[in-house]
Amino acid sequence: MERVAGLELPDSAWIDVGCRVHYREWPGPAESPTFVCVHGLGGSLVNWALVAPGLARHGRVLALDLAGFGLTNPNGLGTDVGSNRKLLDRFITTLGLERVVLIGNSMGGMVSLIQAAHAPQTVKKLILVDAAFPRARAARGQFDPRVAATFAIFANRRLGELFVSARARRLGAEGLVRETLRLATADPRTIDPRLVEALVETAEQRLAFHYTNRAFLDAARSIFRAQVKPGRYRELVRRVHQPALVTHGAPDKQVPLAMAREAAADHANWKLEIYPDLGHVPMMEAPSRWLESVEGWLAPRSPDRTTSIQQPNGVSGRT
């Protein structure tokens with residue numbers, strides 16, 4: 001085991017798939033599924049640290065750093081969504097994994113959906129955590145104006161580089177983490193302080209890497225492009241046939257709930273579970289409650305298409 005700030009994590013592991021991908025593994029019971037956890041924009045495998053041990057009760061857990069994020073140096077590979085989808089595919093096949101359960105948050109959800117559509121033989125099920133679904137058609141599904149304005153800045157190559165560089169200099173590692181949590185969570189005070197320390201330590205390492213800002217912007221621009229013209233992405237998501245658990249925070253400012261509702265409505269074998277009091281990263285905000293949702297879905301049951309709303313006390317309401 002390795003200590004990262006206040007957290008104990010499995011030792012780092014590396015695999016060459018065109019670049020050396022950094023990952024960690026939590027062993028699980030034999031003859032159980034393998035979970036592969038895919039982080040979001042600006043994140044790392046540390047985002048899964050609080051829930052990975054719980055998931056490991058049900059199967060082997062692998063969490064990786066995508067190219068350009070965490071400790072994975074892209075080594076000349078692309079860092080946009082499409083390139084990282086190909087990296088994920090090579091990660092799965094190089095390790096010899098068979099029909100994994102992909103767990104993706106935000107951009108990682110988008111990467112996971114594209115993998116499920118393009119290489120369905122590699123994916124058994126999906127767990128989509130506030131995934132970056134295609135833009136909703138409904139007016140109520142529009143992005144928060146501040147989020148939309150920020151991504152518009154990212155889309156402009158020169159402005160994006162100036163903005164991201166100035167932000168990093170002004171805030172430093174701890175400031176970047178605090179601001180990210182303020183934007184991504186319903187209440188940043190709910191985040192385990194040990195996790196915050198680990199996120200800050202990872203951010204400090206990343207600030208020293210020459211590719212950090214470019215990787216972030218390339219990934220952000222690819223998400224922006226998919227949302228500006230969502231037709232192709234929307235059709236790709238419709239082609240995903242694997243069963244999925246879709247967990248989503250109702251107050252999420254980065255991915256409006258309407259996007260998750262529309263995507264789930266197109267799939268009879270997807271279950272949508274909504275948290276009225278959590279934001280964009282429920283597995284970090286309320287890890288025990290999120291794990292309860294996952295464990296309930298993994299257990300054998302009759303098909304259930306009812307949208308579930310998790311109350312703060314853990315009691316499920318139905319809509």
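I shall speak about a helix contact, then aromatic rings, then cysteines. Please bear in mind that this is a predicted model.

Let me begin with two helices. Helix α4, residues 145-155, packs against helix α7, residues 212-228, at an angle of about 115 degrees, and their axes are 9 Å apart. The crossing of α4 and α7 is left-handed. On the α4 side, the contact is made by F151, A152, F154 and A155, while α7 contributes F216, L217, A220, R221, I223 and F224. Sorted by class, the contact of α4 with α7 has 9 nonpolar residues, 1 charged residue and no polar ones.

Some of these names return when we turn to the rings. F151, F154, F163 and F216 are linked into a cluster by ring pairs. In total, the count comes to 7 aromatic pairs. One of them joins Y23 and F91: the ring centres are 5.3 Å apart and the planes stand at 80 degrees, so this pair is edge-to-face. Because Y23 lies in strand β4 and F91 in helix α2, the pair ties together parts that are 68 residues apart in sequence. Y23 is buried, with a relative accessible area of 10%, and F91 is buried as well, at 0%.

Finally, the cysteines. How many disulfides does the structure hold? The number is 0. C19 counts as buried, at 1% relative accessibility, and C37 is buried at 0%.

Thank you for your attention.

How values were computed: Residues numbered from 1 in each chain as written. Predicted model: local features only at pLDDT ≥ 70, side-chain atom pairs only at ≥ 80, totals over all residues. Heavy atoms only, no water. Axes fitted to C-alpha atoms, helices over the stretch in contact; angles between N-to-C directions. Helix = DSSP H or I, 4+ residues; strand = E, 2+ residues; numbered from the N terminus. Left-handed = near helix turned anticlockwise from the far one by under 90°. Contact = heavy atoms within 4.5 Å. Nonpolar A, V, L, I, M, F, W, Y, C, P; charged D, E, K, R; others polar. Disulfide = S-S within 2.5 Å. Buried < 20%, exposed > 50% of the residue type's maximum accessible area, 1.4 Å probe, protein only. Phe/Tyr/Trp six-rings, centres within 6.5 Å; stacked < 30°, edge-to-face > 60°.
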